[in-house]
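Colleague: I would like to learn how to read a model like this one. Shall we go feature by feature?

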Amino acid sequence: MRLRLVLGWMLLSALCLLRAQTIRERETFGGLSSLKAISDALPASKYLQEHVVDGKLRLSLHDAIVAMLTNNSDVQIQELSVEDSKYNLLRAHAPFDPSALASFNALRSFSQTFSQLQGAPTLTSLNQFSQLTYTQAFETGTSVRVDFNATRLTSNNGFFFFNPSIDTNFTVQVTQPLLRNRWLFANRAPLVIARRNLRATKATFEGQVSNAILRLVSQYWNVVQAHGNFEVSRKSQDAAAASYKRDKRALELGALPPLDIYRSESQVATRRVQTIQSEYQLKQAEDALRFTLGAETDPVLRALDLELTELPARDALLNIDSATALQQALEGRPELEAMRQALANDDTSIRLAHNNLLPDLKLSGTYSSNGLGGNQFDANNQLISRGGLGDSLSQLFGFGFPSYGFSLTLNLPLKNRGAQADLGTFLVSRRHDLFAERRLREQIVLEVTNAIHQLEQAKLSVAASQVALELSKKNLAAEQRKIELGEKTSFFVLDAQTQVAQEESNLLQAEANYEIAVAAVQYATGKLLEPYQIQIKELTR
């Protein structure tokens with residue numbers, strides 16, 4: 001009857017352990033040892049090589065963003081933090097990993113006897129011991145240990161009933177904490193914290209990717225603007241050269257005073273300087289963009305000219321109010337998601353610290369069975385029957401000679417200053433994170449406000465620059481008509497040309513600022529990845 005009770009108790013414990021395993025959140029880590037993780041070879045710029053057309057690197061804004069995410073070293077380094085968090089999550093599973101131990105020992109001994117009751121004048125023996133042990137801890141706090149051992153003893157002792165004797169033992173021990181580390185929470189807490197850290201790392205990486213895209217968008221439109229300024233400078237230089245050629249012809253015909261030729265000639269030189277400056281400003285902007293694209297390591301790509309195909313938007317400009325933008329930011333900014341995970345981890349750590357202040361009370365139950373086999377002798381040292389390991393195992397798993405019991409262990413620290421200090425540290429950390437979250441919200445509000453102001457300013461600047469350019473062109477046409485009629489000198493035409501070039505540069509600046517302002521609004525509201533169909537799950541799969 002007692003044996004049935006013990007076996008029933010062990011079966012119930014096993015069912016509880018199986019239930020604990022079914023509620024565990026499943027995770028696979030098969031890809032953590034991929035070639036990407038262990039290889040020393042760094043990825044090449046294959047994506048950029050696919051966009052070489054007619055000896056130029058032709059890129060739309062979307063192409064540039066994909067190239068940056070594929071090749072940029074900073075992005076690759078930041079992505080590795082996600083991989084590191086995956087390994088930390090894998091490490092959090094380590095306490096629940098099963099272990100198996102196998103051992104074998106052999107000892108032969110010779111000893112001189114001093115009594116006839118020792119069975120032989122010189123006692124010799126060979127003791128061979130084999131053991132198999134399986135241990136595992138579960139998320140319920142339960143730990144299981146299963147031992148199987150066999151001992152074979154051969155001796156010349158005449159008083160042994162079994163020689164050689166084979167003694168086997170099978171033991172199952174189950175230990176369950178009742179106070180500290182009891183049940184699921186305390187044992188799953190490191191796993192929960194590691195999972196949240198992984199989510200927080202992904203959210204942080206999403207913010208870093210958004211920031212990298214914003215920087216790339218700014219550099220892309222800076223190159224577009226610099227290229228436009230270079231073209232404006234060249235066109236202005238050509239116009240000044242045409243005016244100089246016309247004035248030189250008028251001087252030869254005597255229609256222009258000799259001293260007036262220097263005005264148009266100086267304008268040619270001045271605009272030549274402006275063209276040179278614009279050319280090298282373009283080269284610097286292109287070099288900065290190449291660095292962000294990850295093209296600097298390839299000498300072929302580094303030598304190619306950039307051909308950017310994206311055109312600035314001139315119709316259907318973005319309209320968004322501050323309230324809507326702020327609501328989107330508070331819902332979509334990944335930095336807030338990372339902070340929410342950190343606060344949740346603080347709460348879990350505080351609960352875990354309270355758990356560590358509890359006394360350590362453990363209940364253990366043990367059941368074991370024994371078996372004995374070998375050659376059997378009578379009191380006169382006459383062989384009765386032969387046996388071996390099979391007889392011992394048959395007796396062992398027949399459970400005819402069981403042992404069972406339980407133990408209750410209480411470890412009551414009189415002082416637990418370490419656990420108290422841990423609790424205080426986690427409380428301080430939570431308060432720190434609360435202030436950090438408030439500061440982050442304040443920063444987001446400021447970023448959204450500034451981005452909205454930047455967008456409104458850019459829209460007004462585009463409209464005003466278009467009007468100013470149109471009027472400057474009309475003024476240039478009027479001055480050219482006047483000089484054709486002989487009413488004005490070339491001074492007014494040159495001045496009008498300079499004004500047109502300035503207004504064209506102002507429009508380019510305003511259009512680039514508008515595109516950057518749109519990206520800044522999308523970044524501030526947490527929506528920058530959506531227009532380019534970028535998902536962090538794809539980057540960190």
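**Reading the sheet**

Modeller: Start with a pair of strands. Two bridges join strand β1 (residues 52-53) to β2, and the two run antiparallel. Keep in mind that this is a predicted model.

Colleague: What holds strands of a sheet together in general?

Modeller: Strands of a sheet pair through backbone hydrogen bonds, in a parallel or an antiparallel sense. Here, V52 stands opposite L57 in β2.

Colleague: How many residues lie between β1 and β2 in their hairpin?

Modeller: Two residues lie between them. D54 sits in that turn, with a positive phi of about 55°.

Colleague: Which strands make up the open sheet, and in what order?

Modeller: Three strands, in the order β1-β2-β7, with mixed pairing. β1 and β7 stand at the edges with a single partner strand each, so one side of each has no neighbour in the sheet.

Colleague: In which sense do β2 and β7 pair?

Modeller: In the parallel sense, over four bridges. L57 has L306 in β7 as its bridge partner. For R58, the partner in β7 is E307.

Colleague: And the side chains of a strand?

Modeller: In a regular strand they alternate between the two faces of the sheet. Strand β2 (residues 56-59) has a covered face with L57 and L59. Its uncovered face carries K56 and R58.

**Reading phi**

Colleague: What should I look for in phi values?

Modeller: Most residues other than glycine have a negative phi. N181 is a case: its phi is near 65°. N181 is in the loop between β6 (162-177) and α6. N181 counts as partly exposed because its relative accessibility is 29%.

Colleague: Where does Q533 lie?

Modeller: In the loop between α13 and α14 (536-539). Q533 has a positive phi near 50°. At 60% relative accessibility, Q533 counts as exposed.

**Reading the pocket**

Colleague: What is the volume of the second largest pocket?

Modeller: About 730 Å³. The elements giving two or more residues to its lining are α6 (183-252), α7 (261-293), β7 (305-308) and α13 (490-524). Note that β7 also pairs with β2.

Colleague: Which element gives the largest share of that lining?

Modeller: α6, with nine residues.

Colleague: How do the lining residues divide into nonpolar, polar and charged?

Modeller: There are 14 nonpolar, three polar and 13 charged residues.

**Reading distance along the chain**

Colleague: How far apart are the C-alpha atoms of R215 and A520?

Modeller: They are separated by 9.6 Å, although the two residues are 305 residues apart along the chain. R215 is found in helix α6. At 34% relative accessibility, R215 counts as partly exposed.

Colleague: What share of the contacts with a separation of 6 or more comes from residues 24 or more positions apart?

Modeller: In the protein chain, 78%.

**Reading the whole chain**

Colleague: How many helices and strands does the protein chain have?

Modeller: The secondary structure comes to 14 helices and 10 strands. Buried residues make up 39% of the 541 residues. Here buried means under 20% relative accessible area.

Methods:
Residues numbered from 1 in each chain as written. Predicted model: local features only at pLDDT ≥ 70, side-chain atom pairs only at ≥ 80, totals over all residues. Heavy atoms only, no water. 1 Å grid on protein atoms, 1.4 Å probe; cavity = no way out; pocket = protein on both sides within 12 Å on 5 of 7 lines; lining within 4 Å. Points joined across faces, edges and corners; volume = space filled by probe spheres on them. Nonpolar A, V, L, I, M, F, W, Y, C, P; charged D, E, K, R; others polar. Buried < 20%, exposed > 50% of the residue type's maximum accessible area, 1.4 Å probe, protein only. Contact = heavy atoms within 4.5 Å. Pairing = 2+ DSSP bridges.
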